[in-house]
There are 2 protein chains.
Amino acid sequence: MTYCVGLMLNNGLVFMSDTRTNSGVDNISTFRKMFTWHTPNERCITLLTAGNLATTQAVVSLLDERIKDPGDRNPGILEAKSMFQVATLVGKLLRDVIASNAQTGQSADATFNATMILGGQIGEGAPRLFMIYPEGNFIEASFDTPFFQIGETKYGRPILVRAYAPEMSFEDAIKLLLVSFDSTIKANLSVSLPLDVHVYEKDSLVLGRVYRVQPDDPYFDQISTGWGVALRSAFSELPAFRFPDAEC
Amino acid sequence: MTYCVGLMLNNGLVFMSDTRTNSGVDNISTFRKMFTWHTPNERCITLLTAGNLATTQAVVSLLDERIKDPGDRNPGILEAKSMFQVATLVGKLLRDVIASNAQTGQSADATFNATMILGGQIGEGAPRLFMIYPEGNFIEASFDTPFFQIGETKYGRPILVRAYAPEMSFEDAIKLLLVSFDSTIKANLSVSLPLDVHVYEKDSLVLGRVYRVQPDDPYFDQISTGWGVALRSAFSELPAFRFPDAEC
C-alpha cells in the first residue's frame, strides 16, 4: 500500500508521500512515489502515485521519454499548455498502461490499477491540484475539497479534516501532514518512512523545497511522541461522561 | 457499513455500536446491532454485529429460538458452560447461515458475510471478549490486544491506539469510544447515531448499564465540538516544523 497527500493552500501546494511498497508482507521495498518536472520560471509539476508499481513506473518512464524525445508527435508534460492538459495526458497514459497489462478490462479493484495526485502551475494559470483515476478521468481540488489523499487514506483523514485550513503556513502544513502520516504508519505496516516532501510556492514557477524525512528524523520523532502525549492530554481535558442516571 | 467496538478493561467490558445500515447510499435505515442475553447472577453475554443484515438477524433469531425451545438438542447460549462454548456456538451458526445463502462458498468479501464481537462472563470464569469471523472461527482479546473493532474500523483506530488504557474507568472508556465514533461518523456516511452502549461490570453477572446515545445527545455534541477544538489546540502546541536549511 501507500499513503500520499496533496494539499492546496492559499500560498501554494504541499505534497507528501511515503516510500514503502509491498507485495505480500514479506516482500517490502523502498521506492520513490513523488516525481517532479519543471522548466524554471515557466512551470513546475508534481506527481504522486499509489497502486501497482509496474504501472506507475511505466507511466513515469513514458512521461520522461516524451520529454527527452521532442520529435515525438505527442506533446510531453513540459509542452502542454495548461495543467488541465497535463492531467488529460497523464490520465490517458495511465489508462493505456493499465489496459495494456489487464486482459479483463477496467475494474475498480484490478491488479494493475493505480491512482495519482497531480499538482502544479503553468505560466499565468493558477496552481491546480488533480486526482487521476485508473480509468484516466480526474477530479480537481476546490475551495470545498482542498486536498486529496491516495492509498491508505482512512487512518490519517480525521486530523486533516479537523486541522486543515487554507491559510496555514507551509511549516504548519508539513506538521499537519506529518501527524497524519504518523497516525497511518502507526496503524498500517504497508506505509512507512522515509517520506518525501515538496513545497511549491504559488507563482514561483520553480521547483520548491524538496525534502526527505528519514526514519531517524528527530523532528518526526518529536511529532510522533508529542502527538501521543498531546492526544491523551486533549482527551483528558474533554468533559467527563456521566451516566444519565448518575444522580439517582 | 457499521462501526462497533468491544473494549476489555480491568473493571469489565464496554461495548458500543452504531445503528446505521445501508444498501447503497439511498437506502439507509436504523437497526440495532447490539444484542444481550443474561441470566441474573449467572451470566451476561453481549453480541455486536457487522455485515449483511439478513445474516446477522438470522443468527440472532436462531440464538433466541434455541433459548425459547429448551427441548432443542443443541444447547443455547444460556446453557453453554463457558464463553468459549458460546463463541463456538455463535461461530458455527454464523458459518451455517452464510453457507445456506451463499452458492459460492466462503470468501472474504462474499455478499452474505458478517463479523461479530462477542463478550461476557459466565459463572466463575473471567470476562472474555472474542471476534468471530464469517468462517466461524474466532480470536480472543488479550492483554496485548485488548479491544476489537468491526465494520468501518480505520478512522477511529488512531485515538483508540493512543488513548486506551486497561485501567481506565467506564466513564473514560465511554468518552474514548465516543471520540472514536465521532471521528468515524465525521468521515463516513455509512456510520451514524444513535449509538448503543453496554457497560458490563466484572463479576457482576447481571446486565450492566445499557444506554442509547441519541442524535441530539448534548454530551455527544460537546465531545464532537470539543474534540475538534482540542485537536487543533493539541496540534498547535506541537513543536513547529523548520525547513532543514532554515538557518541559511
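Tutor: In this predicted model, a residue counts as buried when its relative accessible area is under 20%, and as exposed when that area is over 50%.

Student: Is B:Ser17 buried or exposed?

Tutor: B:Ser17 belongs to strand S2 (residues 12-17) of chain B. Beyond its neighbours within four places in sequence, B:Ser17 is in contact with residues including B:Tyr3, B:Phe181 and B:Pro194. Its relative accessibility is 0%, and therefore B:Ser17 counts as buried.

Student: Which residue in S11(B) stands opposite B:Phe15?

Tutor: S2(B) and S11(B) run antiparallel and are joined by six bridges. Strand S11 comprises residues 195-201 of chain B, and six of its seven residues are buried. The residue of S11(B) that stands opposite B:Phe15 is B:His198.

Student: Which residue in S12(B) is the bridge partner of B:Leu195?

Tutor: Strand S12 covers residues 209-213 of chain B, and five bridges join S11(B) to this antiparallel strand. Within S12(B), the partner of B:Leu195 is B:Val213.

Student: Is B:Leu205 buried or exposed?

Tutor: B:Leu205 sits in the loop between S11 and S12 of chain B. Its phi is positive, about 55 degrees, although the residue is not a glycine. Because its relative accessibility is 12%, B:Leu205 counts as buried.

Student: Is A:Asp203 buried or exposed?

Tutor: In chain A, the loop between S11 and strand S12 (209-213) contains A:Asp203. A:Asp203 also has a positive phi, near 65 degrees, and is a residue other than glycine. With 53% relative accessibility, A:Asp203 counts as exposed.

Student: Is the peptide bond from A:Leu193 to A:Pro194 cis or trans?

Tutor: A:Pro194 is placed in the loop between helix H4 (170-187) and strand S11 (195-201) of chain A. The omega of the bond from A:Leu193 to A:Pro194 is near -5 degrees, and the bond is cis.

Student: What is the order of the strands in the open sheet of five strands in chain A?

Tutor: The edge strands of this sheet are S5 (34-39) and S9 (138-140) of chain A, each of which pairs on one side only. Six bridges join S5(A) to strand S6 (residues 43-51) of chain A, and these two run antiparallel; A:Phe35, for example, has A:Leu47 in S6(A) as its bridge partner. The pairing in the sheet is antiparallel, and the order is S5-S6-S7-S8-S9.

Student: At about how many degrees to S7(A) does helix H2 of chain A run?

Tutor: Helix H2 (residues 83-101) of chain A lies across S6, strand S7 (114-122), strand S8 (128-132) and S9 of chain A. Its angle to S7(A) is about 160 degrees.

Student: Which three residues supply 22% of the area that chain A buries against chain B?

Tutor: The contact takes 42 residues from chain A and 42 residues from chain B. About 4300 Å² is buried between the two chains, with carbon and sulfur atoms giving 73% of it. The three residues that supply 22% of chain A's share, more than any other three, are A:Arg162, A:Phe235 and A:Phe241.

Technical notes: Residues are numbered from 1 along each chain as its sequence is written. Chains are lettered from A and ligands numbered from 1 in the order in which they are written. This is a predicted model: local features need pLDDT of at least 70, side-chain atom pairs count only at pLDDT 80 or more; totals for chains, interfaces and linings use all residues. Side-chain values use heavy atoms; hydrogens and water are left out. Two strands pair if DSSP finds at least two bridges between them. Helices (H or I, at least four residues) and strands (E, at least two) are DSSP runs, numbered from the N terminus. Contact means heavy atoms within 4.5 Å. Axes are lines fitted to C-alpha atoms, for helices over the stretch in contact, and angles run from 0 to 180 degrees between N-to-C directions. Buried means under 20% relative accessible area, exposed over 50%, partly exposed in between (1.4 Å probe, protein chains only). Buried area is the accessible area (1.4 Å probe) that two parts lose on being put together, summed over both.
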